[in-house]
Structures are given as structure tokens and as C-alpha cells.
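Dear colleague,

I am passing on a structure for you to look through, with some notes on one helix and on the charged pairs. Please open it first and keep it beside you as you read.

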Amino acid sequence: MDQKKITIPDLIKMKQAGTPIAMLTAYDYPMALILDSAGVDCILVGDSVGNVVLGYESTVPVTMDEMVHHTKAARKGVNHALLVADMPFMSFNISREQTITNAGRLVKEAGADAVKMEGAGEGVITMIRAVVGAGIPVMGHIGLTPQTATMLGGLKVQGKTGQAAQQIMRQALELEQAGCFGIVFECIPDVLAEHISRALKIPSIGIGAGAGCDGQVLVTHDMVGITERFVPKFVKRYAQAAQIMREAAEHYVADVRGKTFPDSAHSFTMKPEDLKGLEP
Ligand code: KIV
């Protein structure tokens, strides 16, 4: 396996060569290590950490400190992939100074290679320009943007009407213009994603956006079956990790109750004569 570090020009070359980019999420050292060694090109410390690790109802409560904490941990496990960290809700909406400071924390303090920012309104585009201008690579994210899902009418497929599709197309081109090196398309029709991807020089990474994107991303906890809650239609489960872990824990409980664990193979010994003097 090629263990060379993936760079942004490598991702652009992959798009040009028609080589699909594989991206997955990780929020800690062991998961990042596993994904990196599996040949994943981009690892995203997504604010989905709120849903799948921290037990929140949405990504909205996730804080900058939580993102820095989880990005730092994931960084330790990544040698090959490009590490992208999400800017959480309200970390890039108040002022340019605050936005650059927060993006800078994810890169300087936590070790991310790039940040991802959701949305493409006028305000967000201004902040993206500021962050790119400060020398920090930015990945965009349009279509369904979970941080502002309430304004979109919930967690729904976006861009299904002609007008909505044109708006998403415009947003993608504006994000490219603003200096993004890639864009996540979440939950948009496959033909729309393919059409926009062809119009862009930068790679599109789809989640629920069909096969016409330049790459794909999934939330790893959904993909490997750690989350057992409802998973959206676009998630393919490649393993049943929760079931495997639960069965292992059930065996452990049975072994402890049955006193078959620990056995001598998992215990330490000492010479009986060294025990002398300890008898009551
Ligand atoms: O937070 C996240 O995991 C994401 C992906 C769904 C792209 O933004």
C-alpha cells in the first residue's frame, strides 16, 4: 500500500484521472489508525462526532473544544490520509477574526490539514475567503447541511426542483471561486451531483449524492454498524460491529460469572515459597 502523504494537488489529480476518492470519518486515534492503514484518502473529523460518539441529538451543540480534542486524537493515527476537521456550528458565523482563530486552532493546535465549513450563503462565502486567505485549506459542504437543517425543512434531500438544483449549482461554483479545494454534496439527486461535478475543477465528495461524484464519504460508525439506530438510505453497512462487540461482552460477562476468566493463561504466578509469611 502506498503510504505517501495525500496532498490537495493529489486529490485534484485523482479527479482529473477519474480515480474515485475514498473518505470516511474518524474521531479518535484507533479508528484513524485503522482507516489510514486501509488506504482511505481523506479522513474527516466530522461534527457528526456529536451524534455518533457524544450522544447528542444533532451536530448543533458540538463545540470548538470538542472538535479540537477529537481532531488531536485522530491526528495521532493518520500518516497517509489528508485530515480534514469540521468547523462546528457558530464557529465561523460571528466575525472574520473569530473564524480565522477557530480554523487556526484546528490546524495549529489539533493538527488538521484542512477544515470543512457548511453552507454557501453570502456570509459563509466571506468567511471561507478569509480562512483561505489566511492560508488554511477549506472544503465546502452543500445540499443538506445538518447544522442548519431546521432552515432546510429537516434532514431532507435537497435540490429536487429545477430552481433548487440551479441554486446548488450556483453555490458549488461560488465555493470553487472562493478557493475551496473540494466540496461535500450531501443528499442531492445523483444526476444533479454528476452534472455539477463535471462543471467543477475541484473534486466533489458525495454522501447520498450518487455515483457521479469524484469521491464518496460515509460516517464510519454507520458504515461499520457501530450505530444501530435508524440509518439513512444512502448508508451501506459493511459490518455489524455493534453485534460483534455485544457478543464479545456477553461472553466476557458469562466467563466472569462462571469463573472461567481469568484462567491460568491470563494470570501471573509466583513461587509458593515466596508466599510464606503471608498466610494468616
Ligand atoms: O460531520 C460529518 O460527518 C459530515 C459528513 C456527513 C460529510 O459532515
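A salt bridge, as the term is used here, is a side-chain nitrogen of Lys or Arg within 4 Å of a carboxyl oxygen of Asp or Glu, and the structure holds ten of them. Please bear in mind that this is a predicted model, in which local features need pLDDT of at least 70 and side-chain atom pairs count only at pLDDT 80 or more, while totals for chains, interfaces and linings use all residues. Residues are numbered from 1 along each chain as its sequence is written, and side-chain values use heavy atoms, with hydrogens and water left out.

One of the salt bridges joins Asp 214 to Lys 15, with the closest N and O atoms 2.8 Å apart. This pair links distant parts of the chain, since Asp 214 sits in the loop between strand S7 (204-207) and strand S8 (215-218), Lys 15 belongs to helix H1 (residues 8-17), and the two are 199 residues apart. (Helices, H or I and at least four residues, and strands, E and at least two, are DSSP runs numbered from the N terminus.) Asp 214 counts as buried at 14% relative accessibility, and Lys 15 counts as buried at 14% as well; buried means under 20% relative accessible area, exposed over 50%, and partly exposed in between, with a 1.4 Å probe and protein chains only.

Another salt bridge runs between Lys 116 and Asp 86, the closest N and O atoms being 2.8 Å apart. Lys 116 lies in strand S4 (residues 114-118) and Asp 86 in strand S3 (residues 82-86), so the pair ties together parts that are 30 residues apart in sequence. Lys 116 is buried at 2% relative accessibility, and Asp 86 is buried with a relative accessible area of 2%.

Turning to helix H2 (residues 29-37), which of its residues are buried? They are Met 31, Ala 32, Leu 35 and Asp 36, and, seen down the helix axis, the buried residues fall within an arc of 130° (taken from the directions from the axis to the C-beta atoms), so they line one face of H2. These buried residues pack against strand S1 (21-25), strand S2 (42-45), helix H4 (64-75) and helix H9 (220-223), where contact means heavy atoms within 4.5 Å. Just after H2, Gly 39 takes a positive phi of about 90°.
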